[in-house]
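Could you open the model in your viewer and get ready to select some residues? We will take a short walk together, one stop after another.

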Amino acid sequence: MKLGKEQSQEIIKTYGSSSHDSGRTEVQIAFLTTKIKLLTEHLKNYKGDTIAKYGLLKHVGKRKRFLRYLKSKDIVKYRSLLEKLGLRH
């Protein structure tokens, strides 16, 4: 599951400081959250797709590590990002 170019640019504009800032922690978390949502929808239709399940678990773990890092560095950004993305603490 790949994100389209328009979708990627939209995420970078929303969460990055500039239009080319794709390495920022907040942008990476937003990318992973979007991929997780796409994979979740895919797995609702194709329950036996074990490769997609593995990819989903991999993305969830990576997002968790990014969130833990952001929480340790800047708690205010962490809380606002959770609110924007609709994630639980």
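Here is a tour of some side chains and their charges.

This is a predicted model, in which local features need pLDDT of at least 70 and side-chain atom pairs count only at pLDDT 80 or more, while totals for chains, interfaces and linings use all residues. Residues are numbered from 1 along each chain as its sequence is written, and side-chain values use heavy atoms, leaving out hydrogens and water.

**Stop 1: Threonine 25.** Select threonine 25 in helix α2 (residues 25-45); helices are DSSP runs (H or I, at least four residues), numbered from the N terminus. Threonine 25 is buried, at 15% relative accessible area. Buried means under 20%, exposed over 50%, and partly exposed in between (1.4 Å probe, protein chains only). Show Phe66, Tyr69 and Leu70 too: threonine 25 touches them, not counting residues up to four places away in sequence. Contact here means heavy atoms within 4.5 Å.

**Stop 2: Glutamate 26.** Which residue forms a salt bridge with glutamate 26, with the closest N and O atoms 3.3 Å apart? Select arginine 24 to see this partner. A salt bridge is a side-chain nitrogen of Lys or Arg within 4 Å of a carboxyl oxygen of Asp or Glu. Glutamate 26 also meets lysine 77 in a salt bridge (3.9 Å, N to O). That pair links distant parts of the chain, 51 residues apart, with lysine 77 in helix α4 (residues 75-85).

**Stop 3: Glutamate 41.** Finally, select glutamate 41 and lysine 44, whose side chains form a salt bridge (3.3 Å, N to O). Both lie in helix α2, 3 residues apart, about one turn of the helix.

Methods:
Helices (H or I, at least four residues) and strands (E, at least two) are DSSP runs, numbered from the N terminus.
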